[in-house]
Amino acid sequence: MQDIKIKSVGFGDPAVQTLVAENLRDLSERYGGSGDDTPITAADFTPPNGDFLVAVEGDQLIASAGWRRHGDDAELKRMFTTSAARGRGVARRMLAAVEASATAAGCNRMILETGDRQPEAIALYESAGYMRIPDFGYYAGYPDVLSYAKPL
């Protein structure tokens, strides 16, 4: 196995958008529709109001996670690990890296929305210290949405 490097990238980069499209396909398979209709732009992930990170193995992007400012909070978005990279601790490393980025930008808490058909994501967040909070954001009020937060 080659070394896995985590780096900050532009959300609009074509390779990043290919990975994001894979993420949306995965969500679509689980929930139907387009996967996630939350409005997102590249500007959301531009420092100091956000950041977008990828994990790279060799020349392949294998995971992503970004955050965007939501008041004093950082909202986690587009957390995803390719199926080939799952089960190797990559998602946990990505989560720690995105939390560190948001902390460095002065955010007090990481918040996120996930869904009840993503048990592996729920297990990761809960094992990393995230606690349930009232639903917020684009999917607030949807029955299959679970919102979480963790102080940074």
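Colleague: In which strand does R78 lie?

Modeller: R78 sits in strand β4, residues 73-81. Helices (H or I, at least four residues) and strands (E, at least two) are DSSP runs, numbered from the N terminus. This is a predicted model: local features need pLDDT of at least 70, side-chain atom pairs count only at pLDDT 80 or more, and totals for chains, interfaces and linings use all residues. Residues are numbered from 1 along each chain as its sequence is written, and side-chain values use heavy atoms, with hydrogens and water left out.

Colleague: Is R78 buried or exposed?

Modeller: Buried means under 20% relative accessible area, exposed over 50%, partly exposed in between (1.4 Å probe, protein chains only). R78 has 8%, so it is buried. Its phi is near 55°, a positive value in a residue other than glycine.

Colleague: What lies 2.7 Å from the backbone oxygen of R78?

Modeller: A polar atom of the S64 side chain. S64 belongs to strand β3, residues 60-70. At 2% relative accessibility, S64 is buried too. Contact means heavy atoms within 4.5 Å. Beyond its neighbours within four places in sequence, S64 touches residues including L19, F52, R78 and M94.

Colleague: Which residues of helix α3 are buried?

Modeller: In α3 (residues 119-127) they are A121, I122, L124 and Y125. Down the axis of α3 they fall within an arc of 160°, so they line one face of the helix. The arc is that of the directions from the helix axis to the C-beta atoms. An α-helix has 3.6 residues a turn, so residues three or four places apart point the same way.

Colleague: What do the buried residues of α3 pack against?

Modeller: Strands β4, β5 (109-115) and β7 (145-151), and helix α2 (90-104).

Terms used:
Polar contact = N/O pair within 3.5 Å; in protein donor to acceptor, adjacent residues only side chain to side chain.
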